[in-house]
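Subject: A structure for you to look through

Hello,

Here is the structure I promised to pass on to you. Please open it beside this email and follow along as you read.

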Amino acid sequence: MNFKRRNFLKKATLGSLATVIGADIVYGELMPKNYKPLALQDPDPFKLFHKDADMTVLNSKPWNIEAKAHLLDDKVTPNKFMFIRNNGLIPENIDAESWTLTFDGESVKNTKTYTLAELKSKFKQYSYQLTLECGGNGRSEFNPPAKGNQWTIGAVSCATWTGVRLKDVLADVGIKDDAKYIGYHAADVHLSRDPEKEPISRGAPIAKAMQEETLLAFEMNGEAIPLAHGFPLRLIAGGWPASVSGKWLKRISIRNIIHDGAKMGGSSYRVPCKPVAPGEKVKDEDMCIIESMPVKSLITYPKTGAILSEGQKLNIRGHAWAGELEVSKMEYSIDFGSTWHLCTLEKPVNRLAWQHFAAAIEFPQKGYYEVWARATDSQGKSQPMLLPGWNPKGYLNNASHRIAIKIA
Amino acid sequence: MSDKNTTEKRIRKSYRFLIVICAIALIAGIIALYFGGPTEETSEIGDDPSENLESDINHSGFIEDEGVQTVINNCTTCHAAELVTQNKMTKEGWLATIRWMQESQNLWDLGDNEAIILNYLAKNYAPEDTGRRPALKDIEWYALK
């Protein structure tokens, strides 16, 4: 586990420890020097967020935790295997009873505020399975390396989200004809604890906001959204970088310009508008905001490293997704991409949900193999076998997923 | 009466036995804490450096090298060490990151410490050429039935 505890007790005396814990430390004098009593250690993220112990902690402040391919085998991702990507500190003392959502901005007819209860009762509720992938999923493979949390392959999920359609609420609010973009504002706290700063405030063009699957969600997999995933209210915009799906949602601004909140500019969630050579400097004005995520797939069974006996058939399975589009073809290769074979591929349960594939593989002889997976979207674009176009922050790595297999 | 005495003796014996067991468990627990406990907690910055010999990773998560204390003091107030240690950058890249944090994330002027921090980061967290697609590594092999 990468998770290291911070050491803030170096100069604390037993007396002051007792004050913090609220009880005397019996046998305190026998405690090893600098040993931190359990009551004062940083919380265990796996227990705190109800995550599986095999999840990987990339960062403990802010919390960033990812899955591994084989942990994502469920058709609908349960909380315990869902990645956490936080830009700031999780808000404290959330009161769902008094929670409100305000609509404002240049292009709102009148500023309007709803309580969470009003949103739930006033508008029709919908449930969709929606793929949320971090824009930086796969960043760790870029060369030259890209700055940020070094996601491997596990910053993706497809859970069932329940809420009301943003379009229904926007119709009730009333927006002007010049409305161009929505920008969210949330309750999370900037790392510097500066109350004037927002950790992240992104959004989407009005057209994305108006899609039927774009939700103001209050449930994930049939229960209240877990704290780390945006309790009690989250914007959900499937198929786009998950940072569009703002957590702990407090306010939505209807903008007559492209929203200019935190992490909308510079190299954040933006890539060069035209391809650049690896490592090239790119001017701000030559960067474009990421919208739909690219076509991608994961082999979720078996876990990489399987040893089979000669003649043993291998049944693989996994998921494929394509941002705004559908996956139309799924293939695998066991000869480093020389030949490709079709997998069976299910239709998505609804738009923007990932699709499930399977195949039965026979290996010709003993030896080391890699199973490579390649999805093709409805516009004919396939996953590359090498890293796709380099970009300063290492976004959109949709290179083929690979697992290692030995036939012994 | 004699029956009662025998019972009391037996009870006292059982209690003594329990106390001995508890004492042994406590001592074993303390020994376990000393040797198997959270080793990253048992050394303090500025302590005898020989305590850190078994690992070049400081208990903070940073590689132990000249300037590490300055890095800890300036870089872990807002975020965890992992946000630094996951990354690999050239000196120029680390400087650009510092400037970005100063411009937009409330990082203070580092003064004379900037050179110390930059030298430390550029030396210990430098990029490696991984090509266009690294080989699969750290595979844990297992038999699949």
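Helices (H or I, at least four residues) and strands (E, at least two) are DSSP runs, numbered from the N terminus. With that in hand, you can find A:S268 in the loop between β13 (249-255) and β14 (270-272) of chain A.

A word on where things come from. This is a predicted model, in which local features need pLDDT of at least 70 and side-chain atom pairs count only at pLDDT 80 or more, while totals for chains, interfaces and linings use all residues. Residues are numbered from 1 along each chain as its sequence is written, chains are lettered from A and ligands numbered from 1 in the order in which they are written, and side-chain values use heavy atoms, with hydrogens and water left out.

**Chain A**

Chain A holds 5 helices and 24 strands. It has 408 residues, and 55% of them count as buried (buried is under 20% relative accessible area, exposed is over 50%, and partly exposed is in between, with a 1.4 Å probe and protein chains only). If you take the contacts (heavy atoms within 4.5 Å) between residues at least 6 apart in the sequence of chain A, 71% join residues at least 24 apart.

Is A:S268 buried or exposed? It counts as buried, because its relative accessibility is 12%. Beyond its neighbours within four places in sequence, A:S268 is in contact with A:K263 and A:Y395. A:Y269 is found in that loop between β13 and β14 too, and it has a positive phi of about 50 degrees although it is not a glycine. With a relative accessible area of 5%, A:Y269 is buried.

A:F336 also has a positive phi, near 60 degrees, and is a residue other than glycine. You will find A:F336 in the loop between β19 (327-333) and β20 (341-342). Its relative accessible area is 43%, so A:F336 is partly exposed.

Two peptide bonds deserve a look as well. The bond from A:K61 to A:P62 is cis, with omega near 0 degrees, and A:P62 lies in the loop between β1 (56-60) and β2 (63-66). The bond from A:N143 to A:P144 is cis too, again with omega near 0 degrees; A:P144 sits in the loop between β6 (125-133) and β7 (156-165).

One more stop in chain A is A:L48, in helix α2 (residues 45-48). A:L48 counts as partly exposed because its relative accessibility is 42%. Which residues does A:L48 contact, leaving aside its neighbours within four places in sequence? They are A:P43 and A:W63.

**Chain B**

Chain B has 5 helices and 1 strand, and from the N terminus on they run α-α-α-α-α-β. Of its 145 residues, 31% are buried. The accessible surface of chain B comes to about 9,600 Å², and 59% of that belongs to carbon and sulfur atoms. Among its contacts between residues at least 6 apart in sequence, 51% join residues at least 24 apart.

Now for how its helices pack. Two packed helices are described by the angle between their axes and the distance between the axes. Axes are lines fitted to C-alpha atoms, for helices over the stretch in contact, and angles run from 0 to 180 degrees between N-to-C directions.

Helix α4 (residues 91-104) and helix α5 (residues 113-124) of chain B pack at about 130 degrees, with their axes 9 Å apart. That makes α4(B) oblique to α5(B) (under 35 degrees is roughly parallel, over 145 roughly antiparallel, 65 to 115 roughly perpendicular, and the rest oblique). The residues that meet include B:W94 and B:I98 in α4(B), and B:I117 and B:L121 in α5(B).

Helix α2 (residues 68-75) of chain B packs with α5(B) at about 110 degrees, their axes 9 Å apart. That makes α2(B) roughly perpendicular to α5(B). The contact is made by B:V68, B:T70, B:V71 and B:N74 of α2(B) with B:N113, B:I116, B:I117 and B:Y120 of α5(B).

Happy exploring!

Key: Accessible areas come from the Shrake-Rupley method with a 1.4 Å probe; for residues, only the protein chains shown count as cover.
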